[in-house]
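Please read the points below with the coordinates open beside them. They take up the sheets and then the ligand site, in that order.

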Amino acid sequence: MSVIQTVKGTRDFYPTEMAFRTWLYSRIRAASEAFGYQEMDAPFLEPFELYAAKSGEELVKEQAFVFPDRGGELLTLRPELTPSLARMVAMRAASLPRPIRWWSFGPFWRYERPQRGRTREFFQWNIDMIGITSAAADAELAAIAATFFQSIGLQPEQVQIRVNNRELVEQRLESIGIRAADPTLIFRLLDRRERLSDSKWFQEAEAVGLDEAQISGIDALLKDVEAWRQFDPLRIFFEMIDSMELGAYFLYDPTIVRGLDYYTGTVFEARDAGGELRALLGGGRYDSLIADVGGQSLPAVGFAMGDVVLGLLLERAGIYPELRANPSEVLVPSFDDDTISASLRLSRELRDAGFKVEWYPTPDRLGKQFKYADGQGIPLVALIGPEELTQEQVTIKDLRTGEQLSVPRREVAETLRERLGTQPAS
Ligand code: HAM
């Protein structure tokens with residue numbers, strides 16, 4: 001019988017992969033909390049209408065996992081957090097102290113074609129500030145992203161945050177005579193410029209009603225890298241980023257508009273410097289979404305970063321963290337049947353003293369037990385054999401150095417602590 005396979009585009013998290021996920025979560029928590037953001041979460045299952053409000057046609061119609069529940073209600077496995085967050089804010093807008101600063105880390109689902117950096121089940125870090133319209137708020141969110149990259153060792157040579165502003169794009173389009181009744185159609189078109197071949201893109205441009213002169217006008221706009229200098233929200237944004245000494249991570253990129261329909265102002269995305277992978281993170285200002293899901297009008301800005309592309313980039317940059325899946329600090333071996341209860345008692349005492357202690361469950365050859373500990377990266381062994389038992393001693397072996405010493409029973413915890421260089425757990 002063959003083993004039943006995972007659902008296409010999902011991943012099993014064996015302890016090694018889980019260690020990366022946990023590490024990432026802890027780095028994300030540290031970056032978010034350093035800026036004073038509070039952790040929150042929303043349901044993984046949401047009503048389908050929530051996304052129809054504004055996420056964007058591609059995400060809602062082609063990528064969301066949508067299914068009826070047994071009662072016939074149309075449900076969606078959340079493809080992104082922002083609409084849920086907007087709903088949560090809308091429900092309690094009057095009582096939530098502002099600015100609202102929230103972050104979360106959790107799973108999302110999109111029915112995309114699985115490929116390098118793209119899965120159907122992935123994790124996202126979301127971080128958002130609600131209640132403030134200013135370039136300063138935009139800059140804070142972008143600075144959080146850059147500070148996070150710094151904290152995990154990703155340098156500006158490896159990752160770049162590209163910034164643009166949809167209002168600026170609209171102004172510039174108007175300047176060449178393009179005034180769309182529905183600007184989202186034009187944003188979608190611009191967003192697809194890099195992803196489509198020239199001919200396919202021209203076809204799409206014609207389909208939204210642009211003529212040849214307008215299309216070549218757009219091409220010229222997409223190449224003007226100085227346009228931000230005349231546009232205050234971006235000029236102030238870059239000034240603030242510079243004052244936080246993060247300028248090296250940022251650049252103005254007139255081609256960035258982002259694929260989601262709800263963005264209204266500054267938008268940004270982070271890419272690997274070589275531009276080989278899909279975006280690491282993306283976000284921007286969305287000042288109408290909270291009203292669009294039925295709440296009062298409240299401005300907001302935020303971004304989301306996926307775990308998959310980040311993992312690839314860390315590997316590529318040679319800075320994937322070296323993590324041990326096994327948490328044990330001390331292995332207590334089983335010497336023989338007569339000393340089993342003494343070894344169990346010692347394990348218990350050491351756990352009470354705050355150590356992470358793994359007890360070896362069978363009296364195998366000691367060499368085998370030590371080898372197991374070494375293979376698991378467990379640094380210390382605390383052994384009670386018959387001799388140790390009569391002399392009220394414990395043999396401690398430091399597997400990192402090979403040193404071995406005999407210590408009186410009551411000094412075991414202290415010796416282990418010194419070796420580990422840690423404080424006692426309170
Ligand atoms: P998004 O650009 O759709 O934005 O996704 C953000 C990030 O999630 C992407 O840059 C990517 O790293 C990751 N991601 C998305 N889809 C996949 C996938 N199929 N496989 C692997 N990773 C993926 C949003 O979701 C917005 N809601 C972000 C936001 C928050 N805007 C304001 N606040």
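1. Two strands are taken here as paired if DSSP finds at least two bridges between them. By that criterion S6 and S11 pair in the antiparallel sense, over seven bridges, and within this pairing Asn126 stands opposite Ala304 of S11. The model is a predicted one, and the remarks that follow should be read with that in mind.

2. The pair S6 and S11 belongs to an open sheet of eight strands, whose order is S1-S5-S6-S11-S10-S9-S7-S8 and whose pairing is mixed. Strand S1 (38-39) and strand S8 (250-252) each have a single partner strand and stand at the edges, so one side of each is left without a neighbour in the sheet.

3. Which strands does helix H1 lie across? Helix H1, residues 15-34, lies across S1, strand S5 (100-109), S6 and S11, and the helix runs at about 160° to S5.

4. A further open sheet has three strands in the order S2-S4-S3, with antiparallel pairing. Because strand S2 (45-47) and strand S3 (65-68) each have a single partner strand, they stand at the edges, and one side of each lacks a neighbour in the sheet. Direction ignored, neighbouring strands of this sheet are turned by 35° against each other on average.

5. Turning to the ligand, the residues around it number 27, of which Glu80, Thr82, Glu112, Arg258 and Tyr263 come nearest. By class, this shell is made up of 11 nonpolar, nine polar and seven charged residues.

6. Where do nitrogen atoms of the ligand lie 2.7 Å from an N or O atom in a side chain? One such distance involves the side chain of Glu112, and another the side chain of Tyr263. At Thr119, by contrast, the N or O atom concerned belongs to the backbone, and it lies 2.8 Å from a nitrogen atom of the ligand.

7. On its own the ligand has 660 Å² of accessible area, and the protein covers 97% of that area. The elements that give two or more residues to the shell around the ligand are strand S6 (121-130), strand S10 (281-285) and strand S11 (300-306). These three strands are listed in the order of the eight-stranded sheet as well, and a reader may wish to view points 1, 2 and 8 together.

Notes
Residues are numbered from 1 along each chain as its sequence is written. This is a predicted model: local features need pLDDT of at least 70, side-chain atom pairs count only at pLDDT 80 or more; totals for chains, interfaces and linings use all residues. Side-chain values use heavy atoms; hydrogens and water are left out. Helices (H or I, at least four residues) and strands (E, at least two) are DSSP runs, numbered from the N terminus. Axes are lines fitted to C-alpha atoms, for helices over the stretch in contact, and angles run from 0 to 180 degrees between N-to-C directions. A residue is near a molecule or strand if one of its heavy atoms lies within 4 Å of it. A polar contact is a pair of N or O atoms within 3.5 Å; within protein, one must be able to donate a hydrogen and the other to accept it, and residues adjacent in sequence count only if both atoms are side-chain atoms. Accessible areas come from the Shrake-Rupley method with a 1.4 Å probe; for residues, only the protein chains shown count as cover. Ala, Val, Leu, Ile, Met, Phe, Trp, Tyr, Cys and Pro count as nonpolar, Asp, Glu, Lys and Arg as charged, and the others, Gly among them, as polar. Contact means heavy atoms within 4.5 Å.
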